[in-house]
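Subject: Structure handover

Hello,

Here is the structure for you to take over. My notes on what was found follow below it.

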Amino acid sequence: MEEIVCDATVAFVNDAESFRDAIAKDRTFGQKVSKFLYDMAEWLRETFSGNKQHTASEYLAKNADLFEEAAQKWARMAE
């Protein structure tokens with residue numbers, strides 16, 4: 001599922017028409033993608049926040065905001 005979401009998100013970010021078409025065909029698709037992205041953001045924060053020993057961990061925790069931002073966009077499109 002993760003790979004599908006990642007591939008779809010890249011495609012839709014670069015092609016707004018495809019994004020709208022996918023949501024128009026199946027509203028639950030947008031909701032599912034949004035939930036996955038919110039869950040991923042939460043997991044990143046829980047797993048990597050506070051781990052100052054590894055630069056990669058800090059980077060991943062900070063990127064949780066990007067997942068949450070993407071989730072919000074998917075949710076808005078699914079409304």
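Helices here are DSSP runs of H or I with at least four residues, numbered from the N terminus. The model is a predicted one. Its mean pLDDT is 77, with 73% of the residues at 70 or more.

Salt bridges

The count comes to 4 salt bridges. Lys73 pairs with Glu69, their closest N and O atoms being 3.4 Å apart. The two are 4 residues apart in helix α5, so about one helical turn separates them. Lys73 is partly exposed at 42% relative accessibility, and Glu69 is partly exposed at 41%.

Salt bridges with shared partners also join Arg45, Asp65 and Glu68 into one network. Asp65 comes to 2.5 Å from Arg45, taking the closest N and O atoms. Because Asp65 lies in helix α5 and Arg45 in helix α3, this pair ties together parts 20 residues apart in sequence. For Glu68 and Arg45 the closest N and O atoms are 2.9 Å apart; this pair also links helix α5 to helix α3, across 23 residues. Arg45 is partly exposed, with a relative accessible area of 29%.

Nonpolar cores

The largest nonpolar core consists of 8 residues: Phe19, Ile23, Val33, Phe36, Leu37, Ala70, Ala71 and Trp74. Helices α2 (16–25), α3 (27–48) and α5 (64–78) each give two or more residues to this core. Another core, apart from it, has 5 residues, including Ala41, Leu44, Phe48 and Ala61.

Regards

Note on methods: Residues numbered from 1 in each chain as written. Predicted model: local features only at pLDDT ≥ 70, side-chain atom pairs only at ≥ 80, totals over all residues. Heavy atoms only, no water. Core = buried A, V, L, I, M, F, W, Y, C linked by side-chain atoms within 4.5 Å. Buried < 20%, exposed > 50% of the residue type's maximum accessible area, 1.4 Å probe, protein only. pLDDT = per-residue confidence, 0-100. Salt bridge = Lys/Arg side-chain N within 4 Å of Asp/Glu carboxyl O.
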